[in-house]
Amino acid sequence: MMKCKTYCLGAAITLLPLLLATAVKAQVPEAPPQKEVGEHIRHNDLTLEDIYNSGIYNQKGFGPVRWLNTNDGYSALEKSAAGNEIVKYEAATGQRIVLVAAQQLTPAGWQHPLEVASYAWSADNRKMLLFTNTFRVWRYNTRGDYWVLNLATGQLQQLGKNLDAGSLMFAKFSPDGGRVAYVSHQNIFVEDIATQHITQLTTDGGNNIINGTFDWVYEEELDCRDGFRWSPDGQFIAYWQTDTEGTGVFYMINNIDSIYSQPIPLPYPKVGTRLSAVKIGVIPAAGGATKWLDIPGAPRDHYLARMDFIPASSTLMIQQLNRKQNANKVWMADMLTMKLTNILTDTDSAFLDLHDDIQWLDHNRYFTWSSEQDGWQHLYKVSRDGKQKALITKGNFDVVQVNCIDEKGGYVYYIASPFNYTQRFLYRSRLDGKGSAERITPSSLRGQSSYQMSGNARWAIHTYQDANTPPRISLVHLPDHQEWKVLEDNHTLKERYAGLGLSPKKFFQVNIGEVVLDAWMITPKNFDSTKKYPLLFYVYGEPAASTVQDNWGGGDLWHQYLAQQGYVVMSIDSRGTKTPRGRAWRKSVYGQIGLLSADDQAMAAAKIRDSLSYIDPHKIGIWGWSGGGQMTLHCMFRHSDIYTTGIAVSFVSDQRLYDATYQERYMGLLSENKEGYIKGSPITYANGLQGNLMIIHGTGDDNVHYQSFELLVNRLIKYNKLFAMMSYPMRSHGIYERENTSLHLRETMEKFWKQNLQEKKD
């Protein structure tokens with residue numbers, strides 16, 4: 001994201017933030033190298049080995065890319081024979097200019113250049129901040145080493161030399177580019193680039209005190225990672241401080257990396273338990289005492305979810321959510337006087353989602369604000385004192401994402417999909433609210449489009465894809481959407497995929513009476529409608545995501561593979577899923593997570609079963625991951641008349657076990673909705689299991705704890721229910737770490753399907 005007179009949000013890779021606890025070297029595997037095409041490929045065979053180990057279906061991207069402040073071109077990180085280099089491309093001419101050669105990225109005495117994970121420009125484009133040697137902390141590579149390259153002198157210097165190697169996080173330039181601030185061991189430091197003098201601003205970080213970053217739940221559920229901000233004049237730093245004392249500590253156990261078990265402590269607030277106390281302070285960048293803002297409301301019953309300086313001012317804008325997350329108070333805080341003014345409060349009878357669409361307009365007298373107050377997600381223009389509010393985008397559609405606010409041109413560019421909720425298109429509306437929304441993406445591109453736009457909204461890196469077409473990345477001119485240059489079309493992958501002769505994913509709708517649901521279907525090769533096929537549903541069904549989207553999604557090769565084994569595979573978006581169908585759709589599941597969605601799924605499955613003659617009504621399976629695992633359990637326990645076989649992966653069995661921030665957002669407080677939590681938890685209905693169930697979990701899951709798995713196992717044993725189970729030691733929520741895990745997981749699931757859903761042979 002680049003903030004200047006024009007605000008644009010693109011797909012650039014940013015320097016991601018942290019978590020406390022002990023960092024481990026990143027275990028996220030690199031994409032496997034592509035192998036030579038073997039006989040099975042030449043004979044159009046799709047194998048799990050090729051999908052998960054060989055890398056022959058890897059897609060190519062482009063970037064990371066940064067639009068320059070001049071808006072005439074962009075920089076990109078590319079690999080050359082000598083190593084990484086950073087180049088500039090002129091948008092209009094396509095001219096390629098090497099800005100930073102590999103030799104400039106080679107520190108004195110080193111044989112090889114730095115392996116750059118990401119980079120950032122100083123405001124004047126004269127210096128570059130390089131992020132290297134990255135470490136994974138929970139799910140993000142947010143810790144590592146930072147270097148500064150002076151483009152004028154060629155000087156390359158490492159930051160934080162007196163600190164532990166690999167301990168720096170969230171480094172960023174001061175507004176004048178002369179200093180860099182960063183976090184190390186939960187304290188904030190400022191380093192003068194010219195003198196390399198380091199000033200430690202905070203000293204109380206460590207153990208339960210976290211400065212400049214966040215605890216687990218803020219990172220996971222509020223998308224808060226980078227926890228400090230430079231003031232516009234560079235004289236101060238505002239930062240979050242988190243106190244986890246009193247927050248419940250969950251212990252994961254590592255049994256495989258030592259002869260003795262190793263407990264891994266994780267401060268983790270479960271439903272109804274004590275939250276961390278979070279506050280915001282301001283400290284001089286040269287060192288000194290912190291002044292703390294006295295924001296009303298008990299710190300452990302509120303979230304300070306967002307905080308940024310208003311441009312060219314000493315005022316902070318702070319968003320404060322109550323614990324139920326149905327009220328968002330916007331505070332103006334004067335950094336010099338510490339005076340607080342509540343200028344806006346957004347409320348909802350259900351829950352509120354956070355949005356990062358604030359851009360200051362008209363000499364900082366107005367700002368943009370996203371809200372669902374008229375029943376749709378729209379953008380508003382609000383006066384600085386909060387007394388005036390005007391609608392910018394209008395119509396019965398949701399603004400999915402704001403891409404660029406071009407104040408000079410008078411338009412906001414955004415992603416929307418008014419007529420097909422599975423697709424995405426670029427639109428624009430006038431900032432003065434006049435006129436109708438104007439579609440920019442050509443009507444021929446009926447899939448999903450995303451854009452990383454230049455600051456003047458004249459150029460964009462455009463990525464187009466659909467369910468059967470891998471991403472095509474190109475430079476386009478706007479607003480005429482003229483394609484200027486193809487940057488990556490993934491033609492090799494497209495040809496290889498086409499050569500497999502797979503059945504394309506087809507989209508359709510299911511009318512269950514109260515509502516019409518979106519769905520997709522994949523059929524086997526040589527599909528014969530006179531035969532009977534087992535039906536396998538893939539489900540998610542919670543408010544955080546959607547499964548029915550017309551995007552590439554890696555070609556959905558896992559489901560394509562299952563289809564080639566003789567299954568019809570489908571997925572349905574039930575009510576409450578994250579789709580642009582308006583507030584009523586998304587909020588319909590409030591207080592009843594797991595109930596309405598599972599019932600929608602079952603009604604749709606029954607209708608499909610009864611209306612399609614080629615479906616074997618006695619062989620209907622369902623599977624899902626995380627929230628989808630919970631939904632699978634609900635369907636297996638409460639709708640055993642429909643589903644005969646299920647696989648639940650990394651699931652929540654009892655909603656009271658999950659983190660407070662997510663679960664309370666969608667279920668309300670435990671003290672107010674205890675019955676809803678019990679009814680919404682699949683473990684409550686474990687005695688209803690009639691079919692074939694396999695449950696799978698990683699023991700190192702910091703998100704949905706292995707405890708959820710074990711409690712369900714215990715309950716199923718109590719009811720004498722037979723089931724299959726598989727545990728993956730020290731694998732996280734995604735179950736992908738360590739050698740051969742992804743392939744083993746899929747082969748395990750495939751075996752279970754074949755044993756329980758395939759036709760039995762004599």
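A residue is called buried under 20% relative accessible area, exposed over 50% and partly exposed in between, with a 1.4 Å probe and protein chains only. Helices (H or I, at least four residues) and strands (E, at least two) are DSSP runs numbered from the N terminus. The structure is a predicted model, in which local features need pLDDT of at least 70, side-chain atom pairs count only at pLDDT 80 or more, and totals for chains, interfaces and linings use all residues. Residues are numbered from 1 along each chain as its sequence is written, and side-chain values use heavy atoms, with hydrogens and water left out.

Helix α8 covers residues 627-638. It has twelve residues and reaches 16 Å from its first C-alpha to its last. This is close to the 16 Å expected at 1.5 Å a residue, where the expected span is 1.5 Å times one less than the number of residues. Eleven of the twelve residues of α8 are buried, so the helix is largely enclosed by the rest of the structure. Among the buried residues are Gly 627, Gly 628 and Gly 629.

An open sheet of four strands has the order β35-β36-β37-β38. Its pairing is antiparallel; two strands pair if DSSP finds at least two bridges between them. Strands of a sheet pair through backbone hydrogen bonds, either parallel or antiparallel. The edge strands are β35 (448-453) and β38 (482-488), and each pairs on one side only. Neighbouring strands of this sheet are turned by 30° against each other on average, direction ignored. Axes here are lines fitted to C-alpha atoms, for helices over the stretch in contact, and angles run from 0 to 180 degrees between N-to-C directions. Strand β37 (residues 469-477) is joined to β38 by five bridges. Ile 473 stands opposite Glu 488 in β38.

The loop between β37 and β38 holds Pro 479. The peptide bond from Leu 478 to Pro 479 is cis, with omega near 10°. Pro 64 is found in the loop between α2 (48-54) and β4 (65-67).

Most residues other than glycine have a negative phi, and most peptide bonds are trans. Asn 71 has a positive phi, near 65°. Asn 71 sits in the loop between β4 and β5 (73-80) and is buried, at a relative accessible area of 14%. Asn 364 likewise has a positive phi, of about 65°. Its loop lies between β27 (360-361) and β28 (366-371). Asn 364 is buried, with a relative accessible area of 18%.
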